Amino acid sequence: MLLRTLLQRPSSRLARMTAHFSNNAVNGGSNGPSFAGVSLQDLPKSDTFTSNLPPDPEFPTPSASHNAPQQDLGPRMVKGALYTFVRPEETSDPELLGVSPAALRDIGLQHGQEGAPDFKALVAGNKTSWDPSTENGIYPWAQCYGGYQFGSWAGQLGDGRAISLFESTNPSTKTRYEIQLKGAGKTPYSRFADGKAVLRSSIREYI
C-alpha cells in the first residue's frame, strides 16, 4: 500500500513521481459506491496468526520482546517457532510521499485517513496497535519459515525486511488483509542485511 522506504526525505523529482502515481490510481473500488470506509482507529483488527501459532521461545510474549534491546532480537537462528514478536525501527522526521487510493479502499479505510497523524506514525514505524502501558493490543511480528533458493535448501529464511502490524478486515467486503511494513528494520531473519528495503525495487512494487 505504502512504502516506508519512501518516507525518507526525497528529491523533488521523486516526490513529483510518487504524487503522480497516487493521483492517477484507478478510480472506483471493490467496496461499492455506498461504502465510505472507516477510520484507522475503527478498522477491525486481529492477530489470528500470532494467537494460534508457536512464538519464538526466547521472546514468547510482546512484553518480553518490547523490553529487550533491539539488537538482542537478531539476526539469529530461531527454532521451534513460526514467528518472532519484533517492533519496527522508529523513523525520525518521516515524510509521506505516496498513497494508493485503491489499496485504502480495499482495506476499508476512508478517504483522507492518509493525512491523519496516527496513520503517518503507523506507516513510519513510530506507533503500533500495542500499548506498552497496559500491554493491550496487537504487537508486530516477523514470520519464520524455510525454503529452497536457486535449487538448494536454504534453511531458515523468514521475514528479513517485513514486519506485520496486524490483520485487518474490510467492514464491507469482510476480506481480511495482513498489514505489513517493508524495510522497517532488522528482524531475527535479516541474516546479513539491515532490514531496509532498496528504493528502486520498492518503487517498482509500489507501481
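Let's start with a salt bridge: lysine 127 and aspartate 118 meet through their side chains, with N and O 2.9 Å apart. Please keep in mind that this is a predicted model. How exposed are the two partners? Lysine 127 is partly exposed, at 37% relative accessibility, and aspartate 118 is partly exposed too, at 41%.

How many salt bridges does the structure hold? There are five. Another one to look at joins glutamate 58 and arginine 76, where the closest N and O atoms are 3.9 Å apart. Glutamate 58 is in the loop between helix H2 (48-52) and helix H3 (62-66), while arginine 76 is in the loop between H3 and E2, so this pair ties together parts that are 18 residues apart in sequence. Is each partner buried or exposed? Glutamate 58 has a relative accessibility of 53%, which makes it exposed. Arginine 76 comes out at 17%, and so it counts as buried, because the cut-off for buried is under 20%. If you have the model open, please find Asp56 as well: Asp56, Glu58 and Arg76 are linked in a network of salt bridges.

One more charged pair, and then we move on. Glutamate 205 and lysine 182 form a salt bridge through their side chains, at 2.9 Å from N to O. Here glutamate 205 belongs to helix H6 (residues 199-206) and lysine 182 to strand E7, so the contact ties together parts that are 23 residues apart in sequence. Glutamate 205 is partly exposed at 48%, and lysine 182 is partly exposed at 29%.

Now for the inside. The largest nonpolar core has 33 residues. Which residues have the most contacts inside it? They are Leu40, Leu43, Leu109, Phe119, Leu165 and Phe166. Several elements each supply at least two residues of this core, among them helix H4 (101-107), helix H5 (117-123), strand E6 (162-169) and strand E7 (176-182). As general background, nonpolar side chains in soluble globular proteins tend to be buried together.

Lysine 45 lies over the face of phenylalanine 166, at 5.5 Å from the ring centre.

That brings us to the aromatics. The structure holds six aromatic pairs. Tryptophan 130 and tyrosine 139 make one that is edge-to-face, with 5.0 Å from centre to centre and 85° between the planes. Both tryptophan 130 and tyrosine 139 are buried. Which residues do ring pairs link into a cluster? Phe49, Tyr83, Phe85, Trp130, Tyr139 and Trp141.

Tyrosine 148 and tryptophan 153 form another pair: their ring centres are 5.2 Å apart and their planes stand at 70°, so this pair is edge-to-face. Tyrosine 148 is exposed at 62% relative accessible area, and tryptophan 153 is exposed at 56%.

Let's finish with a hairpin. Strand E4 (residues 146-149) pairs with strand E5 (residues 152-156) in the antiparallel sense, over three bridges. Glutamine 149 stands opposite serine 152 in E5. What lies between the two strands? Two residues, and one in the turn, phenylalanine 150, has a positive phi of about 55°.

Note on methods. Residues numbered from 1 in each chain as written. Predicted model: local features only at pLDDT ≥ 70, side-chain atom pairs only at ≥ 80, totals over all residues. Heavy atoms only, no water. Core = buried A, V, L, I, M, F, W, Y, C linked by side-chain atoms within 4.5 Å. Buried < 20%, exposed > 50% of the residue type's maximum accessible area, 1.4 Å probe, protein only. Helix = DSSP H or I, 4+ residues; strand = E, 2+ residues; numbered from the N terminus. Pairing = 2+ DSSP bridges. Phe/Tyr/Trp six-rings, centres within 6.5 Å; stacked < 30°, edge-to-face > 60°. Lys NZ or Arg CZ within 6 Å of the ring centre and 35° of its normal. Salt bridge = Lys/Arg side-chain N within 4 Å of Asp/Glu carboxyl O.
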